[in-house]
Amino acid sequence: MNYYPDHARPLWRRALVNREMAIVYLLVATVAFSCLTVDNFAQSITVYNILRNYFSALILALPMCLVMITGDIDISVGSMVGLSCSLLGLMYISGVPFELAMVVAIGVGALGGLLNGLLVTRVGLPSLAVTLGTMALFRGLAVGALGTTTVTKFPEFWTAIPKYAIGETGVPVVMVFFAVLMAAFIWLLHFTAFGRGVYAIGLNSQAAAFSGVDSARTRTVLFVLAGTLSGVGGVYWTLLRGVARGDTGSGLELQVIAAVVLGGVSVFGGVGAVYGCVAGVLLIGVLANALQVVGVTADIIKIITGGLLIASVMAGSLIAWTKNRRVGAKAASAQTE
Amino acid sequence: MANITATLELRDVSKSFGSVVALRNGRLTMMPGSIHALVGENGAGKSTLVKIIAGLYQRDSGSFEMEGRPVKFRSTADSKAAGVAVIYQEPTLFPDLSVTENVFMGRQPVGRFGRIDKASMRSEVADIIERLGVDIDPDRPTRGLSIADQQIIEIAKAISLDAKALIMDEPTAALSGVEVERLFAVARSLRDEGRALAFISHRFDEVFALCDTITVMRDGSYISTQPIGQTTEHDIVRLMVGRDVDELFPKVETTAGDVVLEVEGLRSPGVFDDITFQVRAGEIVGLAGLVGAGRSEVARAVFGVDGYTDGAVRLNGRPLPKNNPAAAMRAGIGFVPEDRRQQGLVIDAPIATNVTDAIRRGQLVKGAVVTQKREFAAAQRWAHELEVKCSALDAHAGTLSGGNQQKVVLAKWLAADPKLLIIDEPTRGIDVGTKSEVHRRMSELAAGGMAILMISSELPEVLGMADRVLVMHEGRVTAEIARADATPERVMFAATHNRQEVAA
């Protein structure tokens, strides 16, 4: 029943030679290089530190990957992490049972995401403008809710959770939650009709509509997922530090977006894969950790991360450019000439 | 003729992309003061040839001379500098800039201190527009201009560059009759100024009305060049497809079954009003009318991409919710839209994905999972069924020719096994061979019991294919004509008059 080749390239080339794998290779190379050259890097404590500190970025990269594939962006996630953390602290000192407070904090994240989603899809505003607004809004609420208070002394049963590691591996137990979540997102994006719709919206929203993709619903769901996991991120951060403050998660959105773009998601939408985004976060984490260990200061680390991001995007366009020249697919630009 | 140097001459030009040969031996000779028709099916290599002339592609072999001197264009800037202008089907202008600014984009004349000399720009553009005998304000922004006017601006650009060779790639595809006449008048005056013109079109009446010489291409190869007076439409079609096309509209007679689609009193203010009709199983209903009569809008409302304010749509007696394409698809409606690149296909996605886009919530899902295996199996079946020509199923749909793209859109909807198929302009911009294939397929589908609603701007297609013709004029249905009574005159009269006048 095969009348055509299914693929132009053989399986091994498709699986091993692509944009996402490039980041995976870079990650492996960075880890290997760090292990060989940085003293005391090859230890389970390194794994422990990196994963603990980048857990929020990891779980947020998952929904951000899908949001950006549809061509949207959500820059309010960092502020929502702050709001979730701040509300958790406020509810706790007001006497709300801690378990309930955590659920509510995550619920508020979902509601914030819904607000973003409705403003983007029902009112029809650009997601960059909407989430720029809610970024300020959520941060304002987060700082306003706690004022100058810093809440500490959370139940030890809960604050201990981020500290458990699986045996001697250094992998935090919470990574099990991440693994399940990552599997769920891979399923959602790569193995469901919903996921096909996500790509279609990013590539051509009009054709998606003509194929029965409910673009408004799909995009709203993704914003709600981003909001919900921001809520989870806020709770995690509170437990990890044992402190609730309004400025928690500042700048996290940029870290997440940088990792997602580094991981191969096109800023124009339509292109990307979940594992690339995860590799992107880990690469940034490993690099920052290794540099920190050898004594590079935080500002220099930022400069290096920024440079890496630009280089990766440039490499992507360079590959596309040479490929276009080879295939002669300049036809697309023919009409603009 | 022998002592006149050709403005532009290509001989045995070839071009391959990887293993795909797009052009084997292209040949074209454009003489000054002549309009040269270039015809061929989609995929015959016309576009590749034009892109080589325009400097978008570089030829692999062969010779290319302008006025006797060999040339090699590395970019569109090179070809422009040498005096070549290409007018595309859909010009891309800067919508917010004025007509004048568009004409001089990238080469504005400068006065002292590098200031742009607006006055001289404007007067030159006003001159050219007047010479072309058209009425366009040089100061207005190009946003909102008709495609015909935009093409005129492209032509004005070519004249201001003093282009010696002008190539028009299917310029009339989106134009109305009056606009085509105006474009032809402009083309003739350019010819009389001694410029060399080439005209690519799928419409033979236009080719015969405008051109003096005709070159036929097939499968990437040059076939023949002859004076237009020494040939006939039948000869040309035979040369293009390499065989005789006897029956362009192979309509199979069918008996209509139960009512499948019922549209009742559909209204969308300012777009269409009081639309009531039915489509039965096994029947092809043609929706005719002029461009802008609201035909596509009715189809979009039925499918649910657009909304409506009043009325109802029923499929097999069941009411359909409005503005819900997913529900329409579940109920059994397929919709091949007007604009295949923007609406019908995701051109940057693989062919396999496109073919299976309409069944991604149905047959493809097993145990909450859509796998590549099932996707490719379905794509294999339907791409083969529709005889799509492609190198691999994961190639992007955008790499296919227009006719093959249309087959992919058809495959996408046939895979969903619809009860009602709406086809908006089934054969726009596709070649003769594929055209008759699409017609044969539609006829077979109807014979198999599918209800088909076809929108077409080509009168022969409507008359040849439809069991019943509904004619729209300014958002209303003005006539319903049975196949036996449908003549070009009756349809055109109903398309240009309101309901009272048609009834009278």
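Two residues are in contact if their C-beta atoms, placed from the backbone, lie within 7 Å. The views show a predicted model, in which local features need pLDDT of at least 70 and side-chain atom pairs count only at pLDDT 80 or more, while totals for chains, interfaces and linings use all residues. Residues are numbered from 1 along each chain as its sequence is written, and chains are lettered from A and ligands numbered from 1 in the order in which they are written.

**View 1. Helix 2 of chain A and its packing partners.** The buried residues of this helix pack against helix 12 (252-262) and helix 13 (274-293) of chain A. Helices (H or I, at least four residues) and strands (E, at least two) are DSSP runs, numbered from the N terminus. A residue is buried if 20 or more other C-beta atoms lie within 10 Å of its own, exposed if 12 or fewer, and partly exposed in between. Glu20(A), Ile23(A), Val24(A), Leu27(A) and Val31(A) are the buried residues of helix 2 of chain A. They lie on the same side of helix 2 of chain A because they cover an arc of only 105° around the axis, the arc being that of the directions from the helix axis to the C-beta atoms. Tyr25(A), Ala29(A), Ala32(A), Leu36(A) and Thr37(A), on the other side of helix 2 of chain A, are exposed.

**View 2. Helix 4 of chain B (residues 118-131).** Val125(B), Ile128(B) and Ile129(B) are buried in helix 4 of chain B. Their arc around the axis is only 100°, so they sit on the same side of helix 4 of chain B. Helix 3 (99-103) and helix 5 (147-160) of chain B pack against these buried residues. Exposed Ala119(B) and Glu130(B) are carried on the face of helix 4 of chain B turned away from its buried side.

**View 3. The surroundings of Lys407(B).** Lys407(B) lies in helix 14 (residues 402-415) of chain B. Lys407(B) counts as buried because it has 27 C-beta neighbours inside 10 Å. Leaving out residues up to four places away in sequence, Lys407(B) touches Leu386(B), Glu387(B) and Val388(B).

**View 4. The contact between chain B and chain A.** Chain B gives 42 residues to the contact and chain A gives 32 residues. Helix 13 of chain B supplies the largest share of the side of chain B that touches chain A, six residues.

Terms used: The expected span of a helix is 1.5 Å times one less than its number of residues.
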